[in-house]
Amino acid sequence: MMSEMTTTSVLNTTFVRPDGFYIRGFYALQHSNYYFIFLGVLYVATLICNFLIMSIIWFAQSLHTPKYFGVFSLALVDVSYSTTLIPKSLDAFLFGNRIVEYNSCIAQIFFAVYFAAMESYTLMVLAYDRLIAICFPLRCNTINSNTNMILVIILSWTVPFIIVFTMAYYITRLSYCKSTIVNSYFCDHGPVFRITCSDYSVNWFLAAFGIVVLYFVPLALIMLSYFCILVALLRIANTDGRKKAYQTCTTHLILVAVFYVPFLVTNLMGWINVNVDTDTRILNTSLSATLPPLLNPIIYTLKTDEIMQQIKKYIRNRKIAFSA
């Protein structure tokens, strides 16, 4: 009995900070290296598509509007989110470097959670832009000027930063005296704090709080804004105007569904402690983290007339230059 009490006392008073964490990855998926090659291809395509849409917005003066400031911010977040996850995963599972140094792991936790939250908040900013444009068309340029939109975007970057920084900081307060094997494909916030030998109730609370504030609140505000937009659209007498408004809203709602549905399903299962096969969870989390950043610029390009016009204009100018 005395021996057990002594052991417990040592565990409670000794703070163990490991040199690093071992990223386990898939348990039983055969030829998983091919899957990570597939993620690498998605990453390259994500970079190309998002840098293309950012370049179009940057160089086309006609697109220097609040709406496209939001789209530019989304593309920037998409690139950052993918870059946080995929290159490190390729290094771990294609080149065998599965041990991640402690500080690097904490940094990846921060940036992975932060840019995922930024996806959520940027979609909320785009919903705000549509709300102002459709519900207040006569005062749209006054309420949501370029300057005001930039301030809204800065605010949307700041709030998640504070919350996620706090979440990452409290990971550094945990002691790891038993296992340093992370059951994920990267330094994932939940799997990292759950292998600690410390009390992680604060970390669990922050994770739950983060899901509510960073994902449920923006989603609720997006749904509320689109309820107001629907009411406003029903009052539009002009058929062409209503059709154009529906088109821009449909584009945004597709982006909302592509991001929120898989992301919330995955995190809700972890939040309510539903046991999910590790390989299934990794497939779900990796695809929900890599597909939206690729699909966002593609959907916006194909569904937005202004961007398609800029692409056609560029192609025409290139043809003229070659023929001259």
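## A walk from F161 into the aromatics

Start by selecting F161, which is partly exposed at a relative accessible area of 39% (buried is under 20%, exposed over 50%, partly exposed in between; 1.4 Å probe, protein chains only). You're in a predicted model, where local features need pLDDT of at least 70 and side-chain atom pairs 80 or more, while totals for chains, interfaces and linings use all residues. Numbering runs from 1 along each chain as its sequence is written, and side-chain values use heavy atoms, leaving out hydrogens and water.

Y114 and F161 make an edge-to-face aromatic pair, 5.9 Å centre to centre with 90° between the planes (ring centres of Phe, Tyr and Trp, using Trp's six-membered ring, within 6.5 Å; planes under 30 degrees apart are stacked, over 60 edge-to-face, the rest tilted). Y114 sits in helix α4 (residues 102-135) and F161 in helix α6, so the pair ties together parts 47 residues apart in sequence. Helices here are DSSP runs of H or I with at least four residues, numbered from the N terminus. Y114 counts as buried, at 6% relative accessibility.

Helix α6 (residues 146-171) supplies 5 of the patch residues. F165, at 49% relative accessibility, counts as partly exposed.

Last stop: D129 and R130, whose side chains meet in a salt bridge at 2.9 Å, N to O (Lys or Arg side-chain nitrogen within 4 Å of an Asp or Glu carboxyl oxygen). Both residues are buried.

Notes
Helices (H or I, at least four residues) and strands (E, at least two) are DSSP runs, numbered from the N terminus.
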